[in-house]
Amino acid sequence: MSSSTMLFSLLLGAVGAQANYGAFPSSTANTENDDFSAAIVVNSYVKYQTMIGGGCSGAFGIACQQFGSANLSAANQQIVTQTLFDENIGGLSVVRNDIGSSPANPDGSGFSILPNCPSTPAGPFNYTFDNDDTCQLELTQTALKYNPNLFVYADAWSAPGCMKTVGTDDNGGLICGVRGSNCTADWRQAYADYLVQYVRFYEDLGINISMLGAYNEPDFNPITYASMLSDGYQAKDFLEILYPTVKAAYPDLKVACCDATGFRQERTLLYELEKAGGGNLFDVAVCHIVQTLTYQADLSRRHGTTIRASLPSSCQPITSQTS
């Protein structure tokens, strides 16, 4: 999502109750003599949901606002980050980093680690890392100082434009090689290697990425910023390359799918993915709901695997903006 809001509430149930309490009028007027009672039985041994945690993202230049561009002093930069991530204050435990795809970032999105794309998937691939990552590196390092158990989710909004049908990292398009792409070359392995290389750059700096994703809202084309389209069948075509590539390099690194714009859209995508035979090509199902909430829900599939969905919002002050 292009602009979102700071997340301080970590449990959807609690937030939803606060947001909706009193929103539905009572059929009778309340009086001092009203006597209501209810018997509630809670079995603490039954688990209905598993939460990775609550968190935020520094994408679209938000991390740079936190670390200098908004004229925050060095001391206040630390205070803001501590307030967000210290377990005794904000308690956020997830940060979602944008894996950049553009040689320039006029919209504040991340720079590509492949500034010069080869003409064919044969390469050469001259990856570079500026040790800044549009300030996301500093956000991650500082957050880890206050929360050593931080869950770092690295997620790409798009593949580099040379790997897509539209030739640019914005304006949607498909990764070349999936069904319906009709490209002259198959760039799926190149994109998988690109994503893994991003993980390596962070590893070289002592940061372990917890989860890796290849899509951001693949059911939506925002036109103006990095994006890449996919349905579940096309996701299967790419995940069959990405999943073994990731596991060969990092067996414990989780693979996410696929950050759809909502639960209904994610459900459709997962149904298509399963129907195409790709139900075992990811570890965590991720989708977006509303920007002020982080939600982690179990989605059980036919073969019994529990899939978890999460949405980290942006590290921004709360606003009335949607997406």
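Biologist: At what angle do the axes of helix 3 and helix 4 cross?

Modeller: Keep in mind that this is a predicted model. The two axes cross at roughly 60 degrees and come within 9 Å. Anything from 65 to 115 degrees would count as roughly perpendicular and under 35 as roughly parallel, so helix 3 and helix 4 are oblique to each other. Their crossing is right-handed.

Biologist: Which residues meet where helix 3 and helix 4 touch?

Modeller: From helix 3 you have Gln77, Gln78, Thr81, Gln82 and Phe85; from helix 4 come Glu138, Leu139, Thr142, Ala143, Lys145 and Tyr146. By class, that contact has four nonpolar, five polar and two charged residues.

Biologist: How should I read the spacing along a helix?

Modeller: An α-helix has 3.6 residues a turn, so residues three or four places apart point the same way. Now look at the buried residues of helix 4 (residues 136–146): Gln136, Leu137, Leu139, Thr140, Thr142, Ala143 and Tyr146.

Biologist: What covers the buried residues of helix 4?

Modeller: The cover includes helix 2, helix 3 (74–85) and helix 5 (188–204), along with strand 2 (94–99) and strand 3 (151–156).

Biologist: Let's take helix 2, then. Is Gln66 buried or exposed?

Modeller: Buried means under 20% relative accessible area, so Gln66, at 6%, counts as buried. Gln66 sits in helix 2 (residues 62–69).

Biologist: And which side chain does Gln66 join in a polar contact?

Modeller: That of Thr81, at 2.8 Å.

Methods:
Residues are numbered from 1 along each chain as its sequence is written. This is a predicted model: local features need pLDDT of at least 70, side-chain atom pairs count only at pLDDT 80 or more; totals for chains, interfaces and linings use all residues. Side-chain values use heavy atoms; hydrogens and water are left out. Helices (H or I, at least four residues) and strands (E, at least two) are DSSP runs, numbered from the N terminus. Buried means under 20% relative accessible area, exposed over 50%, partly exposed in between (1.4 Å probe, protein chains only). A polar contact is a pair of N or O atoms within 3.5 Å; within protein, one must be able to donate a hydrogen and the other to accept it, and residues adjacent in sequence count only if both atoms are side-chain atoms. Contact means heavy atoms within 4.5 Å. Axes are lines fitted to C-alpha atoms, for helices over the stretch in contact, and angles run from 0 to 180 degrees between N-to-C directions. Angles under 35 degrees count as roughly parallel, over 145 as roughly antiparallel, 65 to 115 as roughly perpendicular and the rest as oblique. A crossing is left-handed if the near helix is turned anticlockwise from the far one by less than a right angle, and right-handed if clockwise. Ala, Val, Leu, Ile, Met, Phe, Trp, Tyr, Cys and Pro count as nonpolar, Asp, Glu, Lys and Arg as charged, and the others, Gly among them, as polar.
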